[in-house]
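Here's a quick briefing on a single-chain model.

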Amino acid sequence: MNTFVHTALIVDGDATLRQRLVPALDRALRANHTVLLVVGPHTQQVVYDALGDRARRLPWDHPGAFDQRLGFTFDTFRRYLSAQQAAGRRVQVIAEPEIPTGGRAAPVDRIAAYLAYEAVCNDVFAGYGYPVTCLWDCRRYPTLVIDDARKVHDHELGATGPIPNPNFIPTAQYLAGRNHITLEPPPPITDLDTTVTDDHHLAGLRRTLREWTHDWVCAPSAATDVVLATSETATNGLVHGAPPVRIRGWQHTDTLITQVDDAGATPFRRWLATSHHPVTSKVAVACG
């Protein structure tokens, strides 16, 4: 069985794809490994041009179907790896995030949420024993994002294979470092502003959240994401923080945002949950 490594391929041009990704795929095909590629159309075309007919042996999917909803992404990959393990297959996963980074199309804190997801994968996916390689393109993402992407991968992909990354930060340490990130303040007036003081108020909170998402014509899956993420975050505030817990919600372009604050004074007692709508959704819970 393969050994789990979480590898970053930092792409600065098509030559990097041809010189590092294509040889890695070639090695996997020659070893008869199952390879799942969740990459964008440009990367797919570079691979097809290099591998020709052999690229038809590779199952493909588009990252846009995954990256809008991190809970969906996490569970989909977990189920996939579990099924492959049960079938006794040797598997490699190649994934390329497709995340807006600026302008009106960029939901709040999506990059930070995705990097936190990448960090958690180091612990959760390790149990399956399969290598996962993530493509991060310098032409698409700013330097600070690329630097953080390096921190959450224990290897980088070189010309001959994965190389240990001396700058890797373990999951718990990386997430702890996010505890002091300052969130953008909510607008002065929000669509939703309510407070819970104990767990008896949570049912009412969920009902209020469902009504609020209905007002914005959320898709059912997106509405469920908002309700579950926000109510669970509020529960964390009640159990681990200092009640009362305040929940505010507002719209940012095509994204619904909820912010949950407890009465504690320390920075880690703030959470942010977001959900994209109307037809796709993402839930991120980011400590800050």
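Which residues in the largest nonpolar core touch the most other members? They are Phe77, Leu81, Leu115, Phe125, Trp136 and Tyr141, out of 28 residues in that core. Keep in mind that this is a predicted model, where local features need pLDDT of at least 70, side-chain atom pairs count only at pLDDT 80 or more, and totals for chains, interfaces and linings use all residues. Residues are numbered from 1 along each chain as its sequence is written, and side-chain values use heavy atoms, with hydrogens and water left out.

**Cores**
- A nonpolar core here is a set of buried Ala, Val, Leu, Ile, Met, Phe, Trp, Tyr and Cys residues joined through side-chain atoms within 4.5 Å; buried means under 20% relative accessible area (1.4 Å probe, protein chains only).

**Cavities**
- Searching the whole structure turns up 2 cavities of 30 Å³ or more. A cavity is a set of points on a 1 Å grid over the protein atoms alone where a 1.4 Å probe fits but cannot get out, and lining residues have an atom within 4 Å of a point.
- The largest cavity holds about 90 Å³ of space, counted as the space filled by probe spheres set on grid points joined across faces, edges and corners.
- Of its 13 lining residues, Phe77, Ala95, Tyr117, Phe125 and Val132 are the closest to the centre.
- α4 (70-86), β4 (91-95), α5 (110-124) and β5 (132-137) each give two or more residues to that lining, and α5 gives the most, with 4 residues.

**Overall fold**
- The chain has 9 helices and 12 strands, taken as DSSP runs (helices H or I, at least four residues; strands E, at least two) numbered from the N terminus.
- Of its 288 residues, 49% count as buried.

**Confidence**
- Average pLDDT (the predictor's confidence in each residue, from 0 to 100) is 81 for the chain, and 80% of the residues score at least 70.
- Confidence is highest in β1, at 97, and lowest in strand β12 (residues 284-287), at a mean of 30.

Methods. On a 1 Å grid over the protein atoms alone, a cavity is a set of points where a 1.4 Å probe fits but cannot get out, and a pocket is an open set with protein on both sides within 12 Å along at least five of seven lines; lining residues have an atom within 4 Å of a point. Buried means under 20% relative accessible area, exposed over 50%, partly exposed in between (1.4 Å probe, protein chains only).
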